[in-house]
Every structure is written in structure tokens, then in C-alpha cells.
Amino acid sequence: MSRLFAALSFALGFLAAAPLAAECVGQNLFDTMDPARRAEVQAAADAVPFARGNFWRATKGDQIITLAGTYHFDDPRHAANLAALMPAITGATTVLVEASPEAEKQLKSQIAKDPGTMVITEGPTLNQQLPPDVWKELSEAMSARGIPAFMTAKFKPWYVLTLLSIPPCAMLEMKGEPEGLDRLVIKVAEEARVPVQSLEPYDTLFRIFGSLTEAELTEMLVSTLAIEPQGEDYFTTLVDSYFAGESRAAWELMRFISYDLPGYTHEQVDAEFARMEEIVAASRNRAWIPVLTEAAAKGPVFAAFGALHLSGQDGVLNLLQGQGFTIEELKL
């Protein structure tokens, strides 16, 4: 399943949290795609509920939830969207995000108290676990991101995967905390003295990766390296798709790329994509619904989270609609 896991890791990681520096110049894969194939990808995206759009309003009686699908890293295009969303943020009773400032503090504290959450503290290190040729390729990829081999050897596979989801061109340009739309929303809310709360516990990240076996994580690591040379093209495609309100199409693009991998049937690909979407998005979405509705019962809510969580049968929008909310897209 190695090449398929690579496509999954790109799709899940990039749509949720991939930065793209101005120096990262890749080819948008949709631009060079055969028109018939492009239509197939779009049709697959449009087959799920709420496939297009990043900004929405859900209403039920006097309950109002404004929802912003976000991209977690810096981009100058955030400014116009933030300006349009400002009244909904400052007028909210509560702002809900994936990780509030308090949750981030708890997460950092957990890592400080238990380094084993992020690094290998006992047993063989990565350079001992991986075949020599794979380790050489990994150490070179991480070195290109400014991370020396002796540090890479101690990282757990899930953390290395997170770092590999950021191409060297972007990693080397990052300075301090990224100013993605989520963080910009938090800043506005704090300045307006609107309470900011988390949609989920601070340790959700560890639970997600804990549901995957070490063998699966290692396989994802090995296979992600196989498509490292195309990293900037994937970045450009996925980030452009976000700002076009087409994150679901980018997800389906990765599915169609996986269909073409040797040794896989469409059924196998669909099963793996469904499993990963359940782990990373759908299960979390279902847990968020009571948090959103309970907050909305107390006043207007503004919620900001990764754009991939909006669409799908178990996407936040469809789940809210199932709770009796009327869903309206906001054209910013």
C-alpha cells in the first residue's frame, strides 16, 4: 500500500496545513490535465454534499453559526477574506477553532513533559529501522529542510511525515509561528475580547496518529519520499484549489492519482481513502457538532477550521443540516 499511503499523506496533510512560500513555484496539475480527466475529478467532488466554497452560515431559529474553512499557513490572500469576515468574528459570542491558544499551551506542555510523544526515546532510531537507501533519501530530504540527520533519526515517523509535508522552499522561509487564517481569526477575536475555545481536546493529534500502526506510519514515510520530487507541483495545486474554494476537488485529484498506481484496484483505493477520511476528518466532525450547537444556543458563533472538514457526507455542513440548520454559502 506504500504509494497509496503517499497520496493519502499528501492529500490529508496538504489540504489541512501546507504552507506555500512565494519562492515555491510548482505547476498546477489541473492546468495540464486532460479535460476529460479533469471533468471526472470535478464530477467526483461534486457528488458529495457541499463540495465547493470556504465560507458559510448555518442558521436554526435564532441560532447562527458562521463557518470559515481555513488554510493554516501564511498567504497574502487571507487579508481580503479576513476583512470580510471581521463583523462575524467581532459580533460572535464565542469563536471556536481547532486549537485555541490555551490548547496550544497544553500541547506544548505535554510534549515538554513527555518527549516520547514526538521523539524516539527507546528502541531503534529511524536510521536503524529503515533500509540504508531509504534512510539516505530521508536524511537528504530533511537536510534540504534545514534539519540534520542526527535529529531526524530521533523523530517519530508521524512527526517526520508532518515535516515532509512542507517542501524545502517553504520550510526555509518560515519564521516563527505561521499566520494562517485560523491564527488571524484568533487575533481579531482576542482584540475584540471574544472568548476563543477549542473544538476538540488538545491531544487529538496524538489520538489520530495513535490509530495508525507503526508499520503504516513507516510505510507512509517511505512512500512519501517517492513523490518528493513532485512536491512543489502538489503544493501549488492544492493551495490554489483552496483559494478557489475547491478543496474537495484537490482531495479527489489525489484519489484519481492513486487509481493510476500499479497494483491497486479502484475498490482498494476507495477503501483506504474512506478509512483515512474517517480517521482524520469525519470522526472529528461528528464530535464537533455538539460543541458547535451548544455554543450557538448561547449566542452567535464563529467557527474556523481546515477547509476539508466542510464537505462530504460527514462534513460539518451536512451534519449541521441534518440537525435542522439551514446552510447558506457566503460569497466574500
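Two strands pair if DSSP finds at least two bridges between them. Helices (H or I, at least four residues) and strands (E, at least two) are DSSP runs, numbered from the N terminus. Keep in mind that this is a predicted model: local features need pLDDT of at least 70, side-chain atom pairs count only at pLDDT 80 or more, and totals for chains, interfaces and linings use all residues. Residues are numbered from 1 along each chain as its sequence is written, and side-chain values use heavy atoms, with hydrogens and water left out.

**View 1. An open sheet of six strands, in the order 4-3-5-2-1-6.** The pairing here is mixed. At the edges you'll find strand 4 (196-198) and strand 6 (326-329), each of which pairs on one side only. On average, neighbouring strands of this sheet are turned by 25° against each other, direction ignored; axes are lines fitted to C-alpha atoms, for helices over the stretch in contact, and angles run from 0 to 180 degrees between N-to-C directions. Helix 10 (residues 181-191) lies across strand 1 (55-60), strand 2, strand 3 (94-97), strand 4 and strand 5. The helix runs at about 155° to strand 5. Contact, by the way, means heavy atoms within 4.5 Å.

**View 2. Strand 2 and its partners, strand 5 and strand 1.** Strands of a sheet pair through backbone hydrogen bonds, either parallel or antiparallel. Strand 2 (residues 63-70) goes parallel with strand 5 (residues 301-306), over six bridges. Look for alanine 68, which stands opposite alanine 304 in strand 5. Strand 1 and strand 2 run antiparallel, joined by six bridges, and here phenylalanine 55 stands opposite alanine 68. These two strands make a hairpin with two residues between them. Glycine 61, in the turn, has a positive phi of about 65°.

**View 3. Lysine 60 in strand 1, and the pairing with strand 6.** Strand 1 and strand 6 pair in the antiparallel sense over four bridges, with threonine 59 standing opposite threonine 326. Leaving out residues up to four places away in sequence, lysine 60 touches Gln323, Gly324 and Phe325. A polar atom of the lysine 60 side chain lies 2.7 Å from the backbone oxygen of glutamine 323. Proline 87 is 27 residues from lysine 60 in sequence and 20 Å from lysine 60 in space, C-alpha to C-alpha.

**View 4. Aromatic pairs, nine of them in the structure.** One is phenylalanine 50 with tryptophan 56, an edge-to-face pair at 5.4 Å centre to centre and 85° between the planes. (Rings of Phe, Tyr and Trp, its six-membered ring, pair if their centres lie within 6.5 Å; planes under 30 degrees apart count as stacked, over 60 as edge-to-face and the rest as tilted.) Both phenylalanine 50 and tryptophan 56 are buried. Another edge-to-face pair is tyrosine 242 with phenylalanine 243, at 4.8 Å centre to centre and 75° between the planes. Tyrosine 242 is buried, at a relative accessible area of 3%. Ring pairs also bring in Tyr71, linking Tyr71, Tyr242 and Phe243 into a cluster.

**View 5. Arginines over aromatic rings.** Arginine 77 lies over the face of phenylalanine 243, at 4.0 Å from the ring centre. Over at phenylalanine 30, the charged end of arginine 38 sits over the ring, 3.9 Å from its centre. (A charge sits over a ring if NZ of Lys or CZ of Arg is within 6 Å of the ring centre and within 35 degrees of the ring normal.)

View 6. How many residues of helix 8 (residues 157-164) are buried? Six of the eight are, which leaves this helix mostly covered. Glutamate 252 touches Val41, Ala44 and Ala45, not counting residues up to four places away in sequence.

View 7. At 77% relative accessibility, arginine 193 is exposed.

Notes. Buried < 20%, exposed > 50% of the residue type's maximum accessible area, 1.4 Å probe, protein only. Polar contact = N/O pair within 3.5 Å; in protein donor to acceptor, adjacent residues only side chain to side chain.
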